[in-house]
Amino acid sequence: MATSTTATRKIDRSIVEGPIGAAVWTVAWPTVLQNVISGLQGMIDHALVGNFVGFAGNAAIGVGFQIFLVVMVFISSLFSGMGVLVARFAGAGDEAGVNRAASQAFLLALILSVGVLAPVGYVLAPTLLGMVNAAPAVQAEALPYLRIMFVFGFGMMMFFMLGGALRSAGDAKTPLRLGVGLTIGNIVFNVLLIRGYGPFPEMGTAGAAAGMMISSALVAAYAIVKLFSGAWVIDFRGMSWKPDWEIIRALFRFGLPTGVQGIAMNIAGVMLLRFIGATPQSAEAQAAYAVGYTELFSLVTWTSVGLMGAAATVAGQNLGAGFPDRSRDAVRVAARIGVGIALFVGALFIAIPGVLLGLFGMTEPSVVRIGRELLLFLSVSGLFITVALTFTGGLQGTGDTRSPLFITLVSQFALPIGFLTVMQTTQQLQTWHVWLAIVMGHATRCVLSVWRFEQGKWRGIELGVGKR
């Protein structure tokens with residue numbers, strides 16, 4: 001009886017019992033705000049590096065972080081599988097299942113990040129940089145940045161894992177607080193390490209990676225203490241740390257399609273960088289891409305990814321509680337919110353592109369011209385990607401992680417990469433060809449994601465995990 005009381009106290013039942021709009025908003029606003037605040041660290045990195053190192057440093061961060069994501073995404077895919085399990089268990093009021101799924105995801109992430117990501121990433125970093133056609137000056141800045149990210153990446157993955165687990169369980173405010181702490185720490189350490197103050201060395205571009213890893217490690221250490229104290233909805237006290245093969249199989253069954261999807265998306269991103277590297281002004285175009293797409297477009301993707309997480313949580317919990325119609329309505333509400341935000345950001349891209357680019361020290365006329373061109377395309381693309389992401393969240397949160405994989409392979413890999421390959425073989429590749437390919441991919445992903453979700457086949461997906 002005590003377990004039932006604890007579960008009722010810790011798991012927020014308003015997500016499956018209250019008004020659906022309020023349920024979405026309960027998860028969405030802290031998640032969106034956390035993404036905005038956490039995303040500021042990337043902007044700060046680019047702003048500091050752009051002003052102190054130059055546009056080669058901006059390009060190095062953009063290239064290096066894109067490669068880091070490709071390698072890390074497999075491990076992170078476990079978190080998607082964990083999110084499906086945690087949301088379903090939370091919707092059913094099963095606190096033991098919530099803790100069981102989260103603890104096994106934590107164990108696997110620790111083993112894979114330390115045993116695979118760190119050594120493999122360190123060794124392959126030079127080869128990976130060579131694959132994206134980065135200019136020599138960019139590679140020189142990117143190599144130490146990338147190696148630091150690989151070797152010390154567990155803290156960042158712990159942050160992502162824990163945020164996903166807590167949100168799936170209905171607690172979106174704790175990840176927000178952790179995100180604020182991470183961003184503040186990142187600002188402090190970046191200021192100290194990029195430029196070099198007092199006893200701290202001037203590390204330039206590498207200082208951006210070091211600052212991020214130090215702050216994420218501190219946040220991860222704090223989170224681990226809280227997980228074993230029983231203060232959060234996720235509670236690791238008394239958990240068995242032996243491999244739970246039933247949970248592990250479920251993590252891979254639901255998570256691997258998301259992992260392959262993420263790998264495909266990031267490989268496509270790396271290939272886009274390669275195509276950009278083949279344009280007449282490659283270094284300037286890569287810098288514009290790093291700031292315009294990686295950072296400024298984040299004003300759309302931060303909110304859209306937050307809404308995707310909210311849609312996944314509310315849809316998953318309501319399906320777990322036996323309310324599939326509420327799952328459907330939650331995704332539609334999240335999409336409407338995302339379109340409103342994308343319209344506002346797109347208007348800024350059209351109205352004040354020079355001001356936005358100038359925030360990152362981008363003043364060279366050729367870089368500004370290419371950046372303005374990119375932002376014009378992105379003002380349209382944002383409308384498509386926000387709808388695509390929220391409906392993807394609905395599919396993944398309910399357990400249909402395979403459909404987004406196939407949609408991604410078509411829309412974000414085959415279509416844009418195929419288009420650019422044809423353009424490159426028939427004429428001199430221009431930057432606007434790459435920008436057009438991005439819009440084409442996002443539009444296709446939007447249409448296919450909405451179509452698949454509205455079919456409703458996710459309603460019958462079973463977890464295949466028993467209670468203990």
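This is a predicted model: local features need pLDDT of at least 70, side-chain atom pairs count only at pLDDT 80 or more; totals for chains, interfaces and linings use all residues.

Me: OK, now rings with rings. How many aromatic pairs are there in the whole structure?
Reply: Searching the whole structure turns up 14 aromatic pairs. One of them is Phe228 with Trp241: the ring centres are 5.9 Å apart and the planes sit at 40 degrees, so this pair is tilted.

Me: Why tilted?
Reply: Because stacked needs planes under 30 degrees apart and edge-to-face needs over 60, and the 40 degrees between Phe228 and Trp241 makes that pair tilted.

Me: Where do Phe228 and Trp241 lie?
Reply: Both are in the loop between α9 (205-227) and α10 (245-277), so the pair ties together parts that are 13 residues apart in sequence.

Me: Which aromatic cluster is Trp241 in?
Reply: Trp241 forms one cluster with Phe106, Phe154, Phe228 and Phe236.

Me: Switching topic: what about Tyr289 and Tyr293?
Reply: Those two make a stacked aromatic pair, 5.1 Å centre to centre with 15 degrees between the planes. Both lie in helix α11 (residues 282-296), 4 residues apart, which is about one turn of the helix.

Me: And is Tyr289 buried or exposed?
Reply: Buried: Tyr289 has 2% relative accessibility.

Key
Residues are numbered from 1 along each chain as its sequence is written. Side-chain values use heavy atoms; hydrogens and water are left out. Rings of Phe, Tyr and Trp (its six-membered ring) pair if their centres lie within 6.5 Å; planes under 30 degrees apart count as stacked, over 60 as edge-to-face and the rest as tilted. Helices (H or I, at least four residues) and strands (E, at least two) are DSSP runs, numbered from the N terminus. Buried means under 20% relative accessible area, exposed over 50%, partly exposed in between (1.4 Å probe, protein chains only).
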